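Subject: Structure for you to look over

Hello,

I am passing on the structure we spoke about. Please open it alongside this message.

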Amino acid sequence: MKNYPRVISVFALGLCLLFSGTAMADDLDSFLDKVELHASKDMGSFRADLRLNFDVSNGTLDGLFEVMSKPSDVYMCLRIGEIAKQPVDRVVEEHQQHKGQGWGVIAKNLGIKPGSEEFHALKAGRFSSSNGGDSTGKKNKDKNKK
């Protein structure tokens with residue numbers, strides 16, 4: 001009976017971790033839904049935003065759109081590649097090998113450490129490219145002022 005409070009504490013901690021992981025996944029899912037909506041409204045604008053924010057060619061984008069099932073997957077390949085400093089081909093390869101495990105696993109496998117600021121930004125859907133774009137690909141004027 002002395003271990004009963006300890007068992008409850010461990011169980012409660014486990015529930016908190018489970019629900020916080022679910023909340024993080026929900027945040028990412030919500031963000032990816034917004035990316036899909038942006039792309040569905042105007043694919044030309046979405047592609048232009050990707051080219052601008054990630055400095056990729058039309059050829060690279062064409063290749064990504066051929067192998068990815070959704071525009072949000074294309075975005076995530078580019079974003080994770082940028083954060084992990086990995087070529088987009090490497091991210092695509094990792095995505096194909098671990099697609100069912102989610103973007104968090106893919107990011108971790110590419111060197112984005114769990115618990116790091118970059119990892120939390122991915123999980124929370126706080127995306128900005130290195131050139132000052134926001135999650136929809138639009139420029140963030142405040143970030144570009146110095």
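Below is what was found in it, from confidence and overall make-up down to single residues.

**Confidence**

This is a predicted model. The mean pLDDT of the protein is 74, with 65% of the residues at 70 or more. Among the elements, helix α3 (residues 58-67) has the highest mean pLDDT, 96, while helix α8 (residues 141-144) has the lowest, 40. There is a stretch at residues 3-24 where the pLDDT is below 50, and beyond near neighbours in sequence this stretch has two contacts in the model. Residues 127-146 also have pLDDT below 50, but there the model shows 43 contacts beyond near neighbours in sequence.

**Make-up**

The protein has eight helices and zero strands, so its pattern along the sequence reads α-α-α-α-α-α-α-α. It has 146 residues, of which 36% count as buried. Taking the contacts between residues at least 6 apart in sequence, 52% join residues at least 24 apart.

**Helix packing**

Two packed helices are described by the angle between their axes and the distance between the axes. For α2 and α3 the angle is about 120° and the axes are 10 Å apart. Their crossing is right-handed. On the α2 side the residues that meet α3 are Met43, Phe46, Arg47, Leu50 and Arg51. Facing them in α3 are Asn58, Leu61, Asp62 and Phe65.

The other pair to look at is α4 and helix α5 (residues 88-98), whose axes come within 9 Å and cross at roughly 120°. Angles of 65 to 115 degrees count as roughly perpendicular and those over 145 as roughly antiparallel; α4 and α5 are therefore oblique to each other. The crossing in which α4 passes α5 is right-handed. From α4 the contact involves Asp73, Cys77, Leu78, Ile80 and Gly81, and from α5 it involves Val88, Val91, Val92 and His95.

**Aromatic rings**

A pair of aromatic rings is described by the distance of the centres and the angle of the planes. The structure holds two such pairs. One of them is Phe54 with Tyr75, an edge-to-face pair with 5.5 Å from centre to centre and 80° between the planes. It links distant parts of the chain, with Phe54 in helix α2 (residues 43-54) and Tyr75 in helix α4 (residues 71-84), 21 residues apart. Both Phe54 and Tyr75 are buried. Ring pairs also bring in Phe31, which forms a cluster with Phe54 and Tyr75.

Leu50 is in helix α2. Its relative accessible area is 3%, and because the limit for buried is under 20%, Leu50 is buried. The C-alpha atoms of Leu50 and Leu61 are 8.2 Å apart, and the two residues are eleven residues apart in sequence. Setting aside neighbours within four places in sequence, Leu50 is in contact with Asp55, Val56, Leu61, Phe65, Val74, Tyr75 and Leu78. Tyr75 in that list is also a member of the ring cluster, and Leu61 and Phe65 are among the α3 residues that meet α2.

Leu110 is in a loop, the one between α6 (103-109) and α7 (117-124). With 6% relative accessibility, Leu110 counts as buried. Not counting residues up to four places away in sequence, Leu110 touches Ile80, Ala84, Gln86, Arg90, Val91 and Glu94. Ile80 and Val91 also take part in the contact between α4 and α5.

Which residues have a positive phi although they are not glycine? Asp55 has a phi of about 50°, and Lys85 has one of about 55°. Asp55 is in the loop between α2 and α3, whereas Lys85 is in the loop between α4 and α5. Asp55 is exposed, with a relative accessible area of 72%. Lys85 is exposed too, with a relative accessible area of 72%. Asp55 is also one of the residues in contact with Leu50.

Regards

Technical notes:
Residues numbered from 1 in each chain as written. Predicted model: local features only at pLDDT ≥ 70, side-chain atom pairs only at ≥ 80, totals over all residues. Heavy atoms only, no water. pLDDT = per-residue confidence, 0-100. Helix = DSSP H or I, 4+ residues; strand = E, 2+ residues; numbered from the N terminus. Contact = heavy atoms within 4.5 Å. Phe/Tyr/Trp six-rings, centres within 6.5 Å; stacked < 30°, edge-to-face > 60°. Buried < 20%, exposed > 50% of the residue type's maximum accessible area, 1.4 Å probe, protein only. Axes fitted to C-alpha atoms, helices over the stretch in contact; angles between N-to-C directions. Parallel < 35°, antiparallel > 145°, perpendicular 65-115°, else oblique. Left-handed = near helix turned anticlockwise from the far one by under 90°.
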